[in-house]
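Have a look at the fold, then read on.

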Amino acid sequence: MKLFLDNMQTLKDYEDLEAQRKLFSVPCKVGDFVYKLDLRSGKITTHQVAAIDCRILQNTFAVEITFGIAGACRGSDFGKTVFLNKTDAIAIWNMQEGKQ
């Protein structure tokens with residue numbers, strides 16, 4: 001019973017942190033492969049995540065994902081120009097092409 005109560009307290013602590021905007025999640029982890037879509041050309045490039053940098057800028061969390069020497073992106077780019085799978089990148093490109 002004590003373990004259950006401890007786990008419930010831990011969950012409440014995390015929920016409190018999230019409500020205070022002191023807790024966030026990153027979209028990937030170091031070592032993951034991501035797919036970056038160039039919206040002008042439609043070219044999709046594959047990158048392996050080398051580092052993730054999180055910092056607070058003007059009371060907002062900023063996440064930068066580095067691909068080694070091949071560049072970087074912001075956490076906010078995920079779902080727009082950076083994806084966890086190639087299928088999603090292709091789908092967004094096809095939607096962009098349909099708008100033109």
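## Around Phe 67

Phe 67 touches Val 34, Lys 36, His 47, Gln 48, Val 49, Ala 50, Ala 72 and Cys 73, leaving out residues up to four places away in sequence; a contact here is heavy atoms within 4.5 Å. Keep in mind that this is a predicted model, where local features need pLDDT of at least 70, side-chain atom pairs count only at pLDDT 80 or more, and totals for chains, interfaces and linings use all residues. Numbering starts from 1 along each chain as its sequence is written, and side-chain values use heavy atoms, with hydrogens and water left out.

Buried means under 20% relative accessible area, exposed over 50%, and partly exposed in between (1.4 Å probe, protein chains only).

Is Lys 22 buried or exposed? Lys 22 is exposed, at 54% relative accessibility. Lys 22 sits in the loop between helix 1 and strand 1 (33-37); helices (H or I, at least four residues) and strands (E, at least two) are DSSP runs, numbered from the N terminus. Beyond its neighbours within four places in sequence, Lys 22 contacts Leu 17 and Phe 61.

Met 8, in helix 1 (residues 2-19), is partly exposed, with a relative accessible area of 40%.
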